[in-house]
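Reader: I'm new to this one. Could you show me how to read it, feature by feature?

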Amino acid sequence: MPIPSPFHARTSELCTGLRWKDWSGYHAVCSYGPCHEPEYIAFRHSAGLMDVTPLHKYDVSGPDATAFLSRLMVKNIAKLKVGQITYCCWCDEDGKLLDDGTVWRLDENDYRVTAAEPSLAWFQHNAHGFTVSIEDTTSRIAAVSIQGPNAREILKQVSDADMDGLRFFWLARTRIDGRAAIITRTGYTGDLGYEVWVDSEDAVPLWDALMSAGQPYGIMPTGLDALDVCRVEAGFIMNGVDYYSANHCIIENRKSTPYEAGLGWTVNLERDPFIGQQALRLEKEQGPVRHFVGLEIDWDEFERLHARYGLPPELCSSAWRDPKPIYSTRGRQVGQATSGAWSPMLKRSLALATVDGPWHEVGQELQIECTVEYVRHRIKATVSKKPFFDPPRKRSVIGAPA
Amino acid sequence: MTTKQYDAIIVGGGHNGLVCAAYLARAGRKVLVLERRHVLGGAAVSEELHPGFHFSVCSYVVSLFRPRIIRDLDLARHGLEMLPLESSFTPLPDGRSLCRWPEWHRTRREIARFSKRDADVYPEFGMAMAKMAFFARELVDQPAPDPTSLKIKDLHRLLRLGNQMRSLGPDMMQLNMQLLTMSSSEFLDLWFESDVLKAPMSVSGIIGTFLGVRSPGTAYVLLHHYMGEIDGAFRSWGFVKGGTGQLSNAVASAARSFGAEIRADSPVERVLLHDGEAQGVVLENGDEIRAKIVVSGVDPRRTFLGMVGEDHLEDEFVTRLRRYKYRGSSGKVNLAVDRLPEFACRPNENGRAEHLRGDIAIAPSIEYLEKAYDEAKYGDFSRRPYINVVIPSVLDPSVAPPGKHIVSCFVQYAPYHIKEGAQYWPERREAFGDAVVDTLEEYCPGFKDSILYRQVLTPWDLEQEFGLTEGNIFHGELSPEQLLFQRPVSGWAHYRTPIRRLWMCGSGTHPGGGIMGAPGMLAAEAILGTRET
Ligand SMILES: Cc1cc2nc3c(=O)[nH]c(=O)nc-3n(C[C@H](O)[C@H](O)[C@H](O)COP(=O)(O)OP(=O)(O)OC[C@H]3O[C@@H](n4cnc5c(N)ncnc54)[C@H](O)[C@@H]3O)c2cc1C
């Protein structure tokens, strides 16, 4: 049975649609109303406020914190400046992905790591010989994500942090409603957005402050279903959906490397030893056999296929996660699409897929399975650039040259 | 032969002219668009009328805009974003109200408060209309089938349409006949008993026409409103983010990316003719610009009687043009307000109001609507008009300063031909605006005090400012005798005109008015199918 998050008093009151699910053992809202569309619109056109407390959080500190995290992560954490955040992933000794998340440098020797999965045991196991303390702060810290074009303006109303100057993937310490808070310019929508982190006891006042300051800016509480559509538009990979943590894979073939998952850019190979380094070095030399790509499903073929049955094209407004086989134009199966959505912003049907080389180049024409009236068909899907949706406001800083 | 500066000149930078220009430019043609006003978009335009308030001055919701155009021109990349309306709210003066939602059961419960039977019939009706509309969609996406044509291609098409029609079954055939001949209120009587439901539904049949909900022929227009499609969701309506003008701007940006040249503040005075053939245009400032073809996105009367001239046309054609009905019947009142309106019959909750996220119809009964029409019949505007209200700033806060809102009121009836004569409209303008605000005040006490700015557009203003003849919002009524192969004049429904090398691409051609883009797209395709460019 999931437990309520520190925002539950507010979220449960607002969630008139009673659409909930279990997210890492917490009650999490799928959509506040009967359908997620208004919430998606808020994310993209005004601002959405989302409880992200269930993210796993670990505070790592001590004289060896930097060295320890640099050994754990595929990225060289020593390069991170105080106040800066980085997105990265971590692997097992074979270079297979365990999880992905963010690492923040709060101070010289203080860090916070966010993860999709419980990771304390893995962290502690590898802390042997390092002078660090690792604390699971998941239940002690409450967090909300505020995402969308008006997010910055709303935060300006409640905090005196320099919001105009706060850069993408940096953090600011501030007070909101008189209580300590950390604002990070991070999120999972691929848009202008922030996450706000406070002590659990301060959750409700934080929520109230943001909701009331956000009212004139069209703020809306938002749930996971709306986020899911944004996530696909942003082309973000998801643990447990688009790849599996090596911890949960019974067979080798299910595991992925960062290079296969499109996270090769987070790997810093040439440095002191880190977990998985050797295997990753080899993989880099040989080149990955699979690639994580964006696909655009051809609308005309989709529409024609339905017309053959006398049907209008049937679009589902929510994102999908049931995998669909991907074929070459010759009909050979070359991979699978693992999530996708119709993008109301881009007016395109998008998918995220893992395909074998050499079928992964942008512009490559492929086919995706599509079932109409219980009959399986294949329609055209083209490999396209990720992120699909990437507005300039995502990284913009006010007052600085673009 | 003199060399032509352009392959095509498009007269009028309304959305259809722009769509046509974009398709022609995409096919490699050298295109020039000439727009009379300082802004592009025609009736699909946004303007900052009051500081911080971006109004969709004329058209305010989009539904019929062809998804194919969005894909072909990649309009999302050029900045087009759409936000679906979420509900349809009808307040009543007696404190009751009806709100229709996207969720069936919620709507069913709302309707059941007025009629349990209607509540159950409602989805059946929706299904029947959706089937008809799916069939009719084919008509909108292609040139009008012409039953008077004996060309093999046309006959084939008619045959295919006939077969498709038959495959819908006898019920649908009957439905089709009813739609073509009945009034919208009579047609709805066949399905529903509750006036409260029928009234807001029936108004789709009268929008932009000088007809009442009890006038025959209005049922067909209902269907027109079921053909909309946003993101594959049929019959849904949406706002364009930033205002309707952003749609025109996105099309203009696409056209420019293909190399089209677009000039504002460039009114065309006449079409340059030589031996009965269009050779270019003359601007009001006297400049002559030559092109292989001229395409008019302006309504048929202005095009032919204004820019071509009767002398160059056959009498028969002129007679038919004169018979083509405009007689505008609607106006628009645009308001900037300092707070969200609050309806007495359904108060807001802590400043939030789910039922204001869609459209709001002041249409409490069929009787009310017919009375509004009665006044118009005798040359007056309705004292208690039908008003279609939307508050786009609720879904799209970018159009108004924080916490403030835009209230857009589409109003009917405001007949172009008032009894004093159309030119007296400026004297009646504020009285008309007052009638609209007073009507709303009855439903939202205190509304008047929240108004920061008001713009009143009468049909006269629509003609003077936006070049809409007789203030008709669709470049001519959308009544069955003025649609398909008869729009604007039978024999000339395929974008060609009696003047060689002069084409039409505006709402006065098939499939008609509304932000649809189809006339512009189909005209471009017809043009590209010839060797004239
Ligand atoms: C008040 C109002 C509300 C409406 N509401 C809706 C709605 O909510 N939804 C919807 O779908 N439809 C609505 N409509 C209808 C819709 O806006 C129109 O049918 C459509 O925009 C017409 O597009 P068009 O390109 O065919 O013509 P127009 O937009 O009329 O474009 C013609 C252009 O030609 C220009 N022009 C005229 N004369 C000359 C000249 N001599 N030289 C150069 N340029 C010239 C005009 O300035 C104009 O820009 C509404 C219309 C009005 C007026």
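Reader: How much area do chain A and chain B bury between them?

Author: The size of an interface is often given as the accessible area lost when the parts come together. In this predicted model, chain A and chain B bury about 2300 Å² between them. Of that area, 55% lies on carbon and sulfur atoms.

Reader: Which three residues supply more than any other three of the area that chain A buries against chain B?

Author: Look for A:I41, A:H45 and A:K347, which supply 26% of what chain A buries there. As for who takes part, chain A brings 28 residues to the contact and chain B brings 26.

Reader: And how many salt bridges does the rule find across the interface?

Author: Three of them run between chain A and chain B. One to look up is the salt bridge of A:D300 with B:R71, where the side chains meet at 3.6 Å, N to O.

Reader: Now the helices. At what angle do α1 and α10 of chain B pack?

Author: Helix α1(B), residues 15-26, packs on helix α10(B), residues 245-257, at about 20°, and the axes are 8 Å apart. Because angles under 35 degrees count as roughly parallel, α1(B) is roughly parallel to α10(B). Their crossing is left-handed.

Reader: Which residues meet there?

Author: From α1(B), pick out B:H15, B:L18, B:V19, B:A22 and B:A25. Facing them in α10(B) are B:L247, B:S248, B:V251, B:A252 and B:A255. Sort the residues of this contact by type and you get eight nonpolar, two polar and no charged.

Definitions and conventions. Residues are numbered from 1 along each chain as its sequence is written. Chains are lettered from A and ligands numbered from 1 in the order in which they are written. This is a predicted model: local features need pLDDT of at least 70, side-chain atom pairs count only at pLDDT 80 or more; totals for chains, interfaces and linings use all residues. Side-chain values use heavy atoms; hydrogens and water are left out. Axes are lines fitted to C-alpha atoms, for helices over the stretch in contact, and angles run from 0 to 180 degrees between N-to-C directions. Helices (H or I, at least four residues) and strands (E, at least two) are DSSP runs, numbered from the N terminus. Angles under 35 degrees count as roughly parallel, over 145 as roughly antiparallel, 65 to 115 as roughly perpendicular and the rest as oblique. A crossing is left-handed if the near helix is turned anticlockwise from the far one by less than a right angle, and right-handed if clockwise. Contact means heavy atoms within 4.5 Å. Ala, Val, Leu, Ile, Met, Phe, Trp, Tyr, Cys and Pro count as nonpolar, Asp, Glu, Lys and Arg as charged, and the others, Gly among them, as polar. Buried area is the accessible area (1.4 Å probe) that two parts lose on being put together, summed over both. A salt bridge is a side-chain nitrogen of Lys or Arg within 4 Å of a carboxyl oxygen of Asp or Glu.
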